[in-house]
Amino acid sequence: MRAGDRTSLEWHGFGDLTPALLYEVLAFRQAIFVVEQRCAYPDLDGLDQRAQHLLLRVDGELGGCLRLIPFPDEARVKIGRVAVALPLRRRGFARLLLAEALARCPRDYPNYAVALTGQTYLAPFYESLGFAVTSAPYDDYGLSHVDMILRSTNGSSSRDG
């Protein structure tokens, strides 16, 4: 999908990621979540293999990413590893990534709750996209996080519980 003259969005299943592309994605996430945020955490959590990965390219370079992880037993899909390169922040790219993910959820995961875990300071951003905080702030490897769920169009949560 072309997102503009200089940008594109690409969906990849784990099996579609070539070794070079997987390396690029993991290096990108490490640069942001581990190095920039100074947070030693287990990025390789065993969930990438069942996730759909959305990559944002700007002028051909990886500029952002996220993943959608289905939990069929819970009728839930989780958005995670949302990241945008530092020079591209505050330009709407995170919103673009999330909009694409939220458009895909009802198509690929009908009747699933859409959830995410976000850093506490980003809760207002996610709320502007229709999410509601469902937990008290908690420490996740030294960073304050909250759990969130997408509200349905009728104003209640998109799934009970």
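1. Start at the turn between two strands. The hairpin of β3 and β4 has four residues between the strands, and Ala 75 in this hairpin takes a positive phi near 50°. Strands here are DSSP runs of E with at least two residues, helices are runs of H or I with at least four residues, and both are numbered from the N terminus. Two strands pair if DSSP finds at least two bridges between them.

2. A note on the basis of these remarks. The model is predicted, so local features need pLDDT of at least 70 and side-chain atom pairs count only at pLDDT 80 or more, while totals for chains, interfaces and linings use all residues. Residues are numbered from 1 along each chain as its sequence is written, and side-chain values use heavy atoms, with hydrogens and water left out.

3. The overall layout. The chain has three helices and eight strands, and along the sequence they follow the pattern β-α-β-β-β-α-β-α-β-β-β. The radius of gyration is 15 Å, close to the 15 Å that the globule rule gives for 161 residues, so the chain is as compact as a globular protein of that length. That radius is taken over C-alpha atoms, and the rule is 2.2 Å times the number of residues to the power 0.38. Taken along the principal axes, the C-alpha atoms fill a box of roughly 40 × 35 × 30 Å.

4. Burial and surface. Of the 161 residues, 43% count as buried; buried means under 20% relative accessible area, exposed means over 50%, and partly exposed lies in between (1.4 Å probe, protein chains only). The accessible surface of the chain comes to about 8700 Å², and 54% of this belongs to carbon and sulfur atoms. These areas come from the Shrake-Rupley method with a 1.4 Å probe, and for residues only the protein chains shown count as cover.

5. Contacts along the chain. Among contacts with a separation of 6 or more, 57% are between residues 24 or more positions apart. A contact means heavy atoms within 4.5 Å.

6. Strand β3 and its two neighbours. β3 pairs with β2 in the antiparallel sense over seven bridges, and Val 58 has Glu 61 in β3 as its bridge partner. The hairpin of β2 and β3 has two residues between the strands, and Asp 59 there takes a positive phi near 50°. Seven bridges also join β3 to β4 (residues 76–84), again antiparallel. Across this pairing, Arg 67 stands opposite Gly 80 in β4.

7. Strand β5. This strand spans residues 113–119, and six of its seven residues are buried. β4 and β5 pair in the parallel sense over four bridges, with Leu 116 in β5 as the bridge partner of Ile 79.

8. Two arginines with positive phi. Arg 81 has phi near 50°, a positive value in a residue other than glycine. Arg 81 lies in strand β4 and counts as buried at 18% relative accessibility. Arg 90 has a positive phi near 65° and is likewise not a glycine. Arg 90 is placed in the loop between β4 and α2 (93–108), and at 87% relative accessibility Arg 90 counts as exposed.

9. Ala 51. This residue lies in the loop between α1 (19–36) and β2 (52–58). Ala 51 is buried, with a relative accessible area of 1%. Leaving out residues up to four places away in sequence, Ala 51 touches His 12, Gly 13, Phe 14, Arg 67, Leu 68 and Ile 69.

10. Aromatic rings. The structure holds four aromatic pairs. In one of them, Phe 33 and Tyr 41 are edge-to-face, 6.2 Å centre to centre with 85° between the planes. Rings of Phe, Tyr and Trp (its six-membered ring) pair if their centres lie within 6.5 Å; planes under 30 degrees apart count as stacked, over 60 as edge-to-face and the rest as tilted. Phe 33 is buried, with a relative accessible area of 11%. Elsewhere, Phe 125, Tyr 126 and Phe 131 form one aromatic cluster.

11. Charges over rings. Arg 76 lies over the face of Phe 71, at 4.3 Å from the ring centre. The charged end of Arg 104 sits over the ring of Trp 11, 4.3 Å from its centre. The test is that NZ of Lys or CZ of Arg is within 6 Å of the ring centre and within 35 degrees of the ring normal.
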